[in-house]
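Subject: Model for your review

Dear colleague,

I am passing on the structure we spoke about, together with some notes on what came out of going through it. Please read the notes with the coordinates open beside you.

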Amino acid sequence: MITEYQQKLRERYLAAPVMPAPEPWQPVLDRRTPIGGLLGIGFAVHPDSGHDLVMVVSSDGHGLFTAVTGEKIARDRDPNPDISTPDAHPDLTCPGLGPIEGTQVRIAGIFGGGLHSTTPDGWTLDVVSPEWPHDRVILSADGGTHKGPAGEAWWHVFHSEYSELRTAGFSPSGLTLAVATSSDLTLWTRQRLHYND
């Protein structure tokens, strides 16, 4: 049995439509990037540009995307089966590819692990499930309290009603927000951190 407070919170999430992320967040692509059999994702930094990279591990291999444009910059369709999934290592890592070859990337997803749930300048990301197993991703600027109506200090930015949510979170830099499901990757980005003075 749930409390009255929990029931009201559930109703608040159910009533909130999916909405665009607020400024300064911008969608990386107009639509989700389809990736069948997605198992998990992790973040890395491009050694030349310093931009966020997203490494995707799927049943069809590994891919590396730039978080600024969503462009796929490296692909390994036949990774070493002994190290191709994060569960092969106790720290849930996979070997990097392309410009990050030779580094290990922590992967969050079906095997466990997690991405950052906050940014250095105060954004918070929560996954709620008022209609389990359909997860909703909530982005907030109020420290995760989700008070007031949706669209003021919190936003329902993603609803996983057709695929299983694998992970959601921020890059370590706080400049990229990613949501990964079993079938696709959705990214938002911003140019810099914003601190309230």
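The notes below take up the pockets, then the aromatic pairs, then some individual residues and backbone features.

This is a predicted model, in which local features need pLDDT of at least 70 and side-chain atom pairs count only at pLDDT 80 or more, while totals for chains, interfaces and linings use all residues. Residues are numbered from 1 along each chain as its sequence is written, and side-chain values use heavy atoms, with hydrogens and water left out.

Pockets

A pocket here is an open set of points on a 1 Å grid over the protein atoms alone, where a 1.4 Å probe fits, with protein on both sides within 12 Å along at least five of seven lines, and its lining residues have an atom within 4 Å of a point. Grid points are joined across faces, edges and corners, and the volume is the space filled by probe spheres set on the points. The largest pocket holds about 340 Å³ of space, and of the 23 residues that line it, Gly42, Phe43, Val105, Arg106 and Pro172 are the closest to its centre. Strand S3 (38-45) and strand S8 (104-106) each supply at least two residues of this lining, and S3 gives the most, with 5 residues; helices (H or I, at least four residues) and strands (E, at least two) are DSSP runs, numbered from the N terminus. Sorted by class, the lining of the largest pocket has 12 nonpolar, 8 polar and 3 charged residues, where Ala, Val, Leu, Ile, Met, Phe, Trp, Tyr, Cys and Pro count as nonpolar, Asp, Glu, Lys and Arg as charged, and the others, Gly among them, as polar.

The second largest pocket has a volume of about 230 Å³, and the residues lining it include His51, Asp52, Thr189, Arg190 and Gln191. Its lining is made up of 3 nonpolar, 7 polar and 2 charged residues.

Aromatic pairs

Rings of Phe, Tyr and Trp (its six-membered ring) pair if their centres lie within 6.5 Å, with planes under 30 degrees apart counted as stacked, over 60 as edge-to-face and the rest as tilted. By this rule the count comes to 4 aromatic pairs. One of them is the tilted pair of Trp25 and Phe170, at 5.8 Å centre to centre and 35° between the planes. This pair links distant parts of the chain, since Trp25 is in the loop between helix H1 (4-15) and strand S1 (26-27) and Phe170 is in strand S13 (residues 165-170), 145 residues apart. Trp25 is buried (under 20% relative accessible area, with exposed being over 50% and partly exposed in between, for a 1.4 Å probe and protein chains only), its own relative accessible area being 1%, and Phe170 is buried at 0%. The rings of Trp123 and Trp155 have their centres 5.9 Å apart and their planes at 45°, so this pair is tilted; it joins the loop between S9 and S10, where Trp123 lies, to strand S12 (residues 154-160), which holds Trp155, over 32 residues of sequence. Trp123 and Trp155 are both buried, and Trp25, Trp123, Trp155 and Phe170 form one aromatic cluster.

Individual residues

Asp121 sits in the loop between strand S9 (108-109) and strand S10 (124-131), and counts as buried because its relative accessibility is 15%. Leaving aside neighbours within four places in sequence, Asp121 is in contact (heavy atoms within 4.5 Å) with Arg190, Leu193, His194 and Tyr195. A polar contact of 2.8 Å joins the side chains of Asp121 and Arg190, and the side chain of Asp121 also reaches the backbone nitrogen of His194 at 2.7 Å; a polar contact is a pair of N or O atoms within 3.5 Å, of which, within protein, one must be able to donate a hydrogen and the other to accept it, and residues adjacent in sequence count only if both atoms are side-chain atoms.

Backbone features

The peptide bond from Glu23 to Pro24 is cis, with omega near 10°, and Pro24 is found in the loop between H1 and S1. Another cis peptide bond joins Trp132 and Pro133, with omega about 15°. His146, although not a glycine, has a positive phi of about 55°, and its place is in the loop between S11 and S12.

With best wishes
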